[in-house]
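Please read it alongside the coordinates.

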Amino acid sequence: MKQIVIISGKGGTGKTTVAAALSRIASEKVLVDVDVDAANLEIVTDAKLVHSEPFSDSKLAAIDDEKCIRCDLCRQHCRFDAISVDEDGKYRIDEHSCEGCDVCRLVCPADAISINSALSGTVKKSETPFGTLWHGELSAGRDNSGKMVTYLREKGAEDAQNKQIPYVLIDGAPGVGCQVIASLTGVDLALIVSEPTLSAMHDLERIFQLAQHFRVPAILVINKASINSSLKGEISRWANNQKIPIVAEIPVDVRIVKSMAQRQSPIEIGDEELTAIYKNIWTAVEDFFNEKS
Amino acid sequence: MIVSVASGKGGTGKTTVAVSLAIAAAPITLIDADVEEPNANILLHAEKSTIRKASLPFPEIDMKKCDFCEKCSDFCAYNAIVVLKGLKVFAVPEICKSCGGCKLVCPQNAISEKPRDIGYISFGEKGDVSFEEGLLNIGESSATPLIRMLFDFVDGESKNIVIDCPPGAAHPTVESIKRADVVLLVTEPTPFGLHDLKEALVITRTLNKRTALVINRADIGTDEILKFADSNKLPVLMEIPYDEEIARNYSKGISPAEFSPRWREKFLNLWTKIEGMIG
């Protein structure tokens, strides 16, 4: 079983569009959406929820106002700026900043602080016409520690293993932080989706460094390739120098945007040339693993 | 006035809006708080005058004093401290959140804190726009502390501030909109835009922030967003059509406010409307 993660660095370059297209093309795979801040793959895969469960991996402090002696020690020791004093002099925990480190409880001389498990979100399993989809939703304002990402990946991998499905296709998150690190570690291949804009190219270099850092091999898709031909040339040269194979160039095509807005994928447009481009991406993925074995 | 430009979904046009707004409403300070992938200066072209290292306190264990009691590793909520009994005790930088708890619990006073670099903060100017940007080192996991540090340099300043926020709806986003007088959410009229907008709204509502929308690529997709905005009493302050000229210029690092006086005027108009919200 092989795990492939789709990442980009910059948001909005087309990760989910590529994931949606590949979901139609790859015959045997389990789908996982690890962008738990903004999970969108379910929207374009006609997903029917079959199971959901609460997920709590975080801890939050709570202050018992009756015991609190206003000594201010908790606020002074909090490194996350999560404790404030309101107009009435009451000490408050800001749940959106608290990291559950337990230091406030430790320093409180009045035993007024407790640390409790907090719901971080929901983990979901759905069935789609294109295979099982594991996805999740982080409650807004919670810490994205990457634990939900890791959990979803484990579930997807377990599922694939049990049903002897050869691939797990993971739709990743933007950025290079916790959630992306958790989605990269231990996967077999990173499919990077970039575009010929200065911003996306800046982020491409950073996401590639991250993949290298975790020793994950990468292949590259240039999306919106026709938007700037000279920058496209620059990406190609850069990829060549870094020895990252470019496996597809997808043109700017308003039909792609519209298909996604209709909750479909670019494959449903029914344009043979366009479909062939996406097919080539999946063939490149399969070839990558065939050559390796 | 502090305006945070945010969105749930990535790639909706936050940076384009934030930079254009800053250029149009200058003199102003523009802060790029998307420290994982800061791109505002690609559109602003400020010359960076100062670059500082940003660091967090990181525990160092004096093995001459350590008696392997394991109180530090038991306390650490993140399992960031490794104890190799009789050999070595150390903290793992990628996991440690610098809460300082291990130092407090150590009965032998064996733990001290040394600064550990997590990224850079740089400053620059472009015309009447003062610019500040955070850049997280690759492999570093926590963006939030670096974002918090960005505000240490502007707290108490009276200048207007525009903040280009990271995507998502987790702690880094919260940190970037905490101080805002108005949060401007940039969205697009697709099922994705709407879905992620709802997530972002949960935050702006719990933080009790005045919130308004900018709809990008407004003529592609459906009017679901407008209906949603209407029924939730969210003012739509600007609609930007899908425009190849904007996209082509963006690819080269040129913002609408830079290439077109017409757009600059529209963004100045947007700023006036935002000002109107705080009355």
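1. In strand 11 of chain A, Ile192(A) is the bridge partner of Ile7(A). That contact belongs to the pairing of strand 1 with strand 11 (residues 189-194) of chain A, which is parallel and runs over four bridges. Strands here are DSSP runs of E of at least two residues, helices are runs of H or I of at least four, both numbered from the N terminus, and two strands pair if DSSP finds at least two bridges between them.

2. As to provenance, this is a predicted model, in which local features need pLDDT of at least 70 and side-chain atom pairs count only at pLDDT 80 or more, while totals for chains, interfaces and linings use all residues. Residues are numbered from 1 along each chain as its sequence is written, chains are lettered from A and ligands numbered from 1 in the order in which they are written, and side-chain values use heavy atoms, with hydrogens and water left out.

3. Strand 1 (residues 2-7) of chain A also pairs in the parallel sense with strand 10 (residues 167-171) of chain A, over five bridges, and there Lys2(A) has Tyr167(A) as its bridge partner. Five of the six residues of strand 1 of chain A are buried, where buried means under 20% relative accessible area, exposed over 50% and partly exposed in between (1.4 Å probe, protein chains only).

4. Between the chains, 59 residues of chain B are in contact with 61 residues of chain A, contact meaning heavy atoms within 4.5 Å. The buried area is about 5,000 Å², with carbon and sulfur atoms giving 58%; this is the accessible area (1.4 Å probe) that two parts lose on being put together, summed over both.

5. Across this interface the rule finds five salt bridges, each defined as a side-chain nitrogen of Lys or Arg within 4 Å of a carboxyl oxygen of Asp or Glu. Glu99(A) and Lys97(B) meet in a salt bridge at 2.7 Å, N to O. On the side of chain B that touches chain A, the largest share, eight residues, comes from helix 7 of chain B.

6. Within chain B, Glu244(B) forms a salt bridge with Arg248(B), the closest N and O atoms being 3.4 Å apart. Because these residues, Glu244(B) and Arg248(B), lie four residues apart in helix 9 of chain B, they are separated by about one helical turn. Glu244(B) is partly exposed at 45% relative accessibility, and Arg248(B) is partly exposed at 40%.
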